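Here's a quick briefing to read with the model open beside you. Have a look at the fold first, then work through the notes by topic.

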Amino acid sequence: MDALLVVDFQNDFCPGGALPVAEGNRIAAAINDLLDSFDLVVGTRDWHPTDHGSFVGVDVDPEKWEGTDPPAIWPVHCVQGTWGAELHPDLDADKLDVLLDKGMDRWSQGYSGFHDSGLEELLREHGVDRVFIAGLTTEYCVKNTVLDARRLGLDVVVVEDAIRPVEVQPGDAERAIAEMKAAGASSARSAEIKKERAAA
Ligand SMILES: [Zn+2]
């Protein structure tokens with residue numbers, strides 16, 4: 001059983017948002033084009049409290065911080081209930097079967113879609129053994145979701161034209177893609193995936 005995961009396709013990660021990714025909005029067409037090809041489509045949302053420890057200016061007790069990156073490095077983004085945390089309007093969100101929130105714990109970045117979201121249990125319930133992963137951003141939430149999926153023993157296909165990087169440092173995206181491949185993830189373009197699934 002296959003599932004499509006749409007990671008954090010939210011206003012704040014797109015142009016006009018608080019932590020925008022170049023052309024983040026442009027992944028909509030590739031994702032929308034795939035939504036009918038899967039029996040299970042799961043979206044995740046970064047869904048932070050206002051005092052989340054990843055936000056610049058928030059005072060974080062380093063003893064309590066569980067993130068892999070230092071705390072307080074990101075602009076305030078995806079605060080629960082705000083416009084920035086809403087799914088991007090270009091996404092055909094009616095076709096998501098399930099929408100899961102993550103990043104509620106203020107002491108961890110919550111990059112991965114599997115972090116405290118119930119995603120693992122949901123996929124197990126449906127007997128999913130392969131996930132196709134799209135969304136934002138390549139080096140953070142997409143990468144960490146891919147790596148966790150691999151750790152759980154799932155086959156992973158990254159939808160390469162439906163992700164976009166932040167590129168804090170030039171080359172970050174390339175390194176993230178290499179890391180995902182080294183972990184055993186494969187990748188394909190949305191058009192190929194659609195064609196293959198139609199033929200199957
Ligand atoms: Zn976040």
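Let's start with Arg106: leaving aside residues up to four places away in sequence, Arg106 touches Pro49, Asp51, His52, Gly53, Val58, Asp59 and Trp65, where contact means heavy atoms within 4.5 Å. Bear in mind that this is a predicted model, where local features need pLDDT of at least 70, side-chain atom pairs count only at pLDDT 80 or more, and totals for chains, interfaces and linings use all residues. Residues are numbered from 1 along each chain as its sequence is written, and side-chain values use heavy atoms, with hydrogens and water left out.

- Arg106 lies in the loop between strand 3 and helix 2; helices (H or I, at least four residues) and strands (E, at least two) are DSSP runs, numbered from the N terminus.
- With 21% relative accessibility, Arg106 counts as partly exposed. For that scale, buried means under 20% relative accessible area, exposed over 50%, and partly exposed in between (1.4 Å probe, protein chains only).
- Pro71 is 35 residues from Arg106 in sequence, and their C-alpha atoms are 9.9 Å apart in space.

**Phe55**

- Phe55 sits in the loop between strand 2 and strand 3, and at a relative accessible area of 0% Phe55 is buried.
- What does Phe55 touch, not counting residues up to four places away in sequence? The list is His48, Pro49, Thr50, Ala72, Trp74, Pro75, Val76, His77 and Val79.
- Asp36 is 19 residues from Phe55 along the chain, and 36 Å separates their C-alpha atoms.

**Aromatic rings**

- How many aromatic pairs are there? The count comes to 3, taking rings of Phe, Tyr and Trp (its six-membered ring) as paired if their centres lie within 6.5 Å, with planes under 30 degrees apart counted as stacked, over 60 as edge-to-face and the rest as tilted.
- Trp74 and Tyr140 have ring centres 4.9 Å apart and planes at 85 degrees, so this pair is edge-to-face.
- That pair links distant parts of the chain, 66 residues apart: Trp74 is in the loop between strand 2 (41-46) and strand 3 (98-102), and Tyr140 is in helix 3.
- Trp74 counts as buried at 9% relative accessibility, and Tyr140 counts as buried at 14%.
- For Tyr111 and Tyr140, the ring centres are 5.3 Å apart and the planes are at 55 degrees, so the pair is tilted.
- This one also links distant parts of the chain, with Tyr111 in the loop between strand 3 and helix 2 (119-125) and Tyr140 in helix 3, 29 residues apart.
- Tyr111 is buried, as is Tyr140.
- Put together, ring pairs link Trp74, Tyr111 and Tyr140 into a cluster.

**Arg197 over two rings**

- The charged end of Arg197 sits over the ring of Phe38, 4.0 Å from its centre; that needs NZ of Lys or CZ of Arg within 6 Å of the ring centre and within 35 degrees of the ring normal.
- The ring of Phe132 also has the charged end of Arg197 over it, 5.4 Å from the ring centre.

**Helix 3 against helix 4**

- Helix 3 (residues 138-151) and helix 4 (residues 172-182) pack at about 0 degrees, their axes 10 Å apart. Axes are lines fitted to C-alpha atoms, for helices over the stretch in contact, and angles run from 0 to 180 degrees between N-to-C directions.
- Helix 3 and helix 4 are therefore roughly parallel to each other (angles under 35 degrees count as roughly parallel, over 145 as roughly antiparallel, 65 to 115 as roughly perpendicular and the rest as oblique).
- Residues making the contact include Tyr140, Val142 and Lys143 of helix 3 and Ala176, Ile177 and Met180 of helix 4.

- Leu136 and Thr137 are joined by a cis peptide bond, with omega about -10 degrees.
- Thr137 belongs to the loop between strand 4 (130-136) and helix 3, and is buried at a relative accessible area of 4%.
- Phi of Asp8 is near 50 degrees, a positive value in a residue other than glycine; Asp8 is buried, with a relative accessible area of 0%.
- Asp116 has phi near 55 degrees, again positive in a residue other than glycine, and Asp116 is exposed, with a relative accessible area of 59%.
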